[in-house]
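Biologist: I would like to go through this model and ask what stands behind each label. Please set each value against its cut-off.

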Amino acid sequence: MADEESTEYYLLLCDDPSHEVVLVDCGPREMDVIRAVHKVTGLSLWHSRALARQAPVTLLDGLSPYRAQSVVSVLQSAGAGATWRQEPDPGERVDPSP
């Protein structure tokens with residue numbers, strides 16, 4: 001690299017906080033919800049079933065608001081009770097109820 005050339009680096013900060021998707025309950029159509037969990041998480045059906053049966057549980061985190069809403073929509077259309085919320089800041093006290 002010649003002396004005339006210089007490289008500048010910038011740190012980009014995002015003001016939009018990340019969001020998480022919480023599966024509240026499976027509802028009456030458990031198999032449909034397990035397939036939806038499999039679809040949105042990419043986990044195996046076995047792991048998706050284990051996760052769905054642990055409800056309430058956080059399925060995904062670090063999502064944009066649009067992506068979180070989309071995931072909740074897929075889960076709700078399968079019959080699940082699901083919600084999305086802003087992730088708490090590190091060190092922030094969290095209320096365990098969704």
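Biologist: What makes a set of residues here the largest nonpolar core, and which members touch the most others?

Modeller: A nonpolar core is a set of buried Ala, Val, Leu, Ile, Met, Phe, Trp, Tyr and Cys residues joined through side-chain atoms within 4.5 Å. The largest one in this predicted model has 21 residues, of which Val21, Leu23, Val33, Val37, Leu59, Val71 and Leu75 touch the most other members. At least two residues each come from strand S1 (19–25), helix H1 (30–41), helix H2 (45–52), strand S2 (57–63) and helix H3 (65–77). H1 gives the largest share, 5 residues. In soluble globular proteins, nonpolar side chains tend to be buried together.

Biologist: How are the residues numbered, and what does a predicted model require before a feature is reported?

Modeller: Numbering starts from 1 along each chain as its sequence is written. Local features need pLDDT of at least 70 and side-chain atom pairs count only at pLDDT 80 or more, while totals for chains, interfaces and linings use all residues, and side-chain values use heavy atoms, with hydrogens and water left out.

Biologist: What defines a helix or a strand, and how many does the protein have?

Modeller: They are DSSP runs numbered from the N terminus: helices are H or I with at least four residues, strands are E with at least two. The protein has 3 helices and 3 strands, in the order β-α-α-β-α-β along the sequence.

Biologist: With which residues is Leu75 in contact, leaving aside its neighbours within four places in sequence?

Modeller: Contact means heavy atoms within 4.5 Å. On that basis, Leu75 is in contact with Val21, Ala36, Val37, Val40, Leu59, Ala80 and Ala82.

Biologist: Why is Ser48 called buried?

Modeller: Buried means under 20% relative accessible area, exposed over 50%, and partly exposed in between (1.4 Å probe, protein chains only). Ser48 has a relative accessible area of 0%, so Ser48 is buried. Ser48 is found in helix H2, and a polar atom of its side chain lies 2.8 Å from the backbone oxygen of Ser44. Leaving aside neighbours within four places in sequence, Ser48 is in contact with Ile34, Val37, His38, Thr41 and Leu43.

Biologist: Why is Ala55 put in the partly exposed class?

Modeller: The relative accessible area of Ala55 is 25%, so Ala55 is partly exposed. Ala55 sits in the loop between H2 and S2. Leaving aside neighbours within four places in sequence, Ala55 is in contact with Leu23, Val24 and Asp25.

Biologist: What makes Glu20 and Arg85 a salt bridge?

Modeller: A salt bridge is a side-chain nitrogen of Lys or Arg within 4 Å of a carboxyl oxygen of Asp or Glu. The closest N and O atoms of Glu20 and Arg85 are 2.7 Å apart, and the pair forms a salt bridge. Glu20 lies in strand S1 and Arg85 in strand S3 (residues 81–86), so the pair ties together parts that are 65 residues apart in sequence. Glu20 is at 10% relative accessibility and therefore counts as buried, whereas Arg85, at 24%, is partly exposed.

Biologist: What is the N to O distance for Glu30 and Arg53, and where do these residues lie?

Modeller: The closest N and O atoms are 2.7 Å apart, and Glu30 forms a salt bridge with Arg53. Glu30 is in helix H1 and Arg53 in the loop between H2 and S2, 23 residues apart. At 53% relative accessibility, Arg53 counts as exposed, while Glu30, at 27%, is partly exposed.

Technical notes
A polar contact is a pair of N or O atoms within 3.5 Å; within protein, one must be able to donate a hydrogen and the other to accept it, and residues adjacent in sequence count only if both atoms are side-chain atoms.
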